[in-house]
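Subject: Structure for your review

Dear colleague,

Please find the structure below, together with its sequence. My notes on what was found in it follow directly after.

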Amino acid sequence: MNIVNQTELTKNTAEGQNPEQLTIILFSGDLDKALAAFVIANGALAMDMKVTMFFAFWGLNVLRKEFAQPVHKDFLSRMFSWMMPRGANHLKLSSMNMFGIGTAMMKYVMRRKNIYSLQQLIETAIQNNVRLVACGMSMDVMGLKKEELLDRVEVGGVSTFLGDATLSKATLFI
Amino acid sequence: MNIVNQTELTKNTAEGQNPEQLTIILFSGDLDKALAAFVIANGALAMDMKVTMFFAFWGLNVLRKEFAQPVHKDFLSRMFSWMMPRGANHLKLSSMNMFGIGTAMMKYVMRRKNIYSLQQLIETAIQNNVRLVACGMSMDVMGLKKEELLDRVEVGGVSTFLGDATLSKATLFI
Amino acid sequence: MNIVNQTELTKNTAEGQNPEQLTIILFSGDLDKALAAFVIANGALAMDMKVTMFFAFWGLNVLRKEFAQPVHKDFLSRMFSWMMPRGANHLKLSSMNMFGIGTAMMKYVMRRKNIYSLQQLIETAIQNNVRLVACGMSMDVMGLKKEELLDRVEVGGVSTFLGDATLSKATLFI
């Protein structure tokens with residue numbers, strides 16, 4: 001997971017080659033699936049590909065800031081907010097969570113083997129110019145405001161997603 | 001989610017451009033994933049794309065008619081039939097279903113925010129000429145008959161799916 | 001699911017046509033999703049497509065040999081090994097497992113209807129030259145050694161996956 005070589009990237013683009021494109025839609029809010037999405041995204045960025053990640057439904061939780069933001073919410077939005085995990089640090093495994101023991105074990109093993117955590121993968125992807133798009137309709141349903149998501153995130157719709165997907169060599173629904 | 005402009009569509013095709021194609025395989029029978037599949041499909045249809053949706057395994061439940069049909073079934077098929085949700089109206093969320101409370105909350109919020117329900121999304125997609133294909137092998141395993149599925153549905157196999165997938169700009173497994 | 005006609009395949013390649021390519025990443029360790037992945041893979045192989053299957057996270061369990069192999073493992077790897085299903089024979093359905101009853105019912109119905117079991121689908125895919133790649137990073141996290149996986153499996157990384165995905169007509173994340 002090296003940081004992409006900027007000189008290489010510029011050269012590549014200057015030579016007029018269109019960089020290959022990858023689109024990922026992260027629908028899941030599970031730790032393991034979010035890890036998979038960002039490992040693939042970072043791999044593609046390291047290969048000088050252009051990467052768009054679109055976050056819908058539970059996937060929005062990955063982008064949430066860790067602490068409550070001063071935004072006005074109605075009652076149901078407040079309940080959703082309170083029930084859903086607040087950001088990369090609070091996600092759980094899709095299997096074998098076992099009241100948190102499996103998730104803690106997995107994080108411990110990753111740390112011991114020097115594998116990037118989800119937060120580190122997100123930061124690396126941002127440094128390497130990933131495009132992060134939050135689905136506006138999902139935000140509306142779940143009562144999430146733009147201020148509650150990481151600063152680098154754009155808000156978009158299905159057409160944003162499809163626009164990038166149709167230009168991509170591969171599109172993954174995770 | 002506007003209804004696709006038919007004049008535009010005709011013009012586009014008349015000019016000899018092949019419309020771009022999208023293929024979705026809906027494997028999941030969860031309400032949230034079915035919503036995602038149909039929101040994306042309707043978005044693509046509104047952009048004049050050709051859309052094929054292939055329904056396998058639990059995804060078949062989305063296509064079931066709401067009331068029991070007069071078909072002959074053996075014992076196991078009858079049990080599967082009875083245990084699986086009967087159509088778009090009876091699906092549950094993949095997370096936070098909480099014995100139905102989460103699902104009801106989500107439906108309530110969507111209604112209040114004037115977001116199309118799954119039934120409305122399915123009807124709109126059908127009006128806009130989505131291709132709906134049910135996986136014959138899955139129907140066989142689950143003991144579902146064609147009469148039990150929505151009228152517009154074709155029955156097909158893996159080669160139907162792959163035929164459309166290889167022509168598509170993007171193929172999503174949901 | 002016929003065994004691909006080898007003469008046809010040779011002819012096709014000899015004529016200089018590049019066979020179309022399909023890439024599947026199997027992330028899930030659920031029986032139903034593994035079945036879907038291998039049914040699609042076998043369909044594509046029967047249509048003379050080139051197929052790469054990449055196994056990450058829980059998907060690695062599909063490739064595990066049924067009996068414990070004499071490899072050295074640390075304590076946590078041993079625990080993961082013990083908690084995760086050992087191979088195609090021990091997977092469960094993602095829904096309606098019902099303490100194993102649903103899974104047993106599904107297997108029974110498939111046998112009675114002469115539908116290939118997961119083991120048979122894996123063998124057929126191998127005979128038809130599927131490329132099976134296990135994700136090295138996931139193996140490391142879960143403490144799985146190459147000796148514990150089916151003999152035909154290669155070990156690879158994200159770049160192996162992306163290399164094949166960018167050449168493929170369709171890439172599915174299952």
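In this predicted model, helix α3 of chain A and helix α4 of chain B cross with a left-handed sense. The former spans residues 75–83 of chain A and the latter residues 101–112 of chain B; they pack at an angle of about 140°, and their axes lie 11 Å apart. Angles over 145 degrees would count as roughly antiparallel and those from 65 to 115 as roughly perpendicular, so α3(A) is classed as oblique to α4(B).

Which residues make the contact between these two helices? From α3(A) they are L76(A), M79(A), F80(A) and M83(A), while α4(B) contributes M105(B), M106(B), Y108(B) and V109(B). Sorted by class, the contact of α3(A) with α4(B) comprises 8 nonpolar residues, with no polar and no charged ones.

Turning to the arrangement of the chains, chain C is superposed on chain A by a rotation of 120° with 0.0 Å of shift along the axis, and the RMSD is 0.0 Å. This relation is therefore that of a three-fold axis.

Finally, the aromatic residues. Rings of Phe, Tyr and Trp are taken as a pair if their centres lie within 6.5 Å, and by this rule there are 15 aromatic pairs over all chains. Within chain A, one aromatic cluster is formed by F27(A), F57(A), W58(A) and F173(A).

With kind regards

How values were computed: Residues are numbered from 1 along each chain as its sequence is written. Chains are lettered from A and ligands numbered from 1 in the order in which they are written. This is a predicted model: local features need pLDDT of at least 70, side-chain atom pairs count only at pLDDT 80 or more; totals for chains, interfaces and linings use all residues. Side-chain values use heavy atoms; hydrogens and water are left out. Rings of Phe, Tyr and Trp (its six-membered ring) pair if their centres lie within 6.5 Å; planes under 30 degrees apart count as stacked, over 60 as edge-to-face and the rest as tilted. Copies are superposed by least squares on the C-alpha atoms of residues with pLDDT of at least 70 in both. Axes are lines fitted to C-alpha atoms, for helices over the stretch in contact, and angles run from 0 to 180 degrees between N-to-C directions. Helices (H or I, at least four residues) and strands (E, at least two) are DSSP runs, numbered from the N terminus. Angles under 35 degrees count as roughly parallel, over 145 as roughly antiparallel, 65 to 115 as roughly perpendicular and the rest as oblique. A crossing is left-handed if the near helix is turned anticlockwise from the far one by less than a right angle, and right-handed if clockwise. Contact means heavy atoms within 4.5 Å. Ala, Val, Leu, Ile, Met, Phe, Trp, Tyr, Cys and Pro count as nonpolar, Asp, Glu, Lys and Arg as charged, and the others, Gly among them, as polar.
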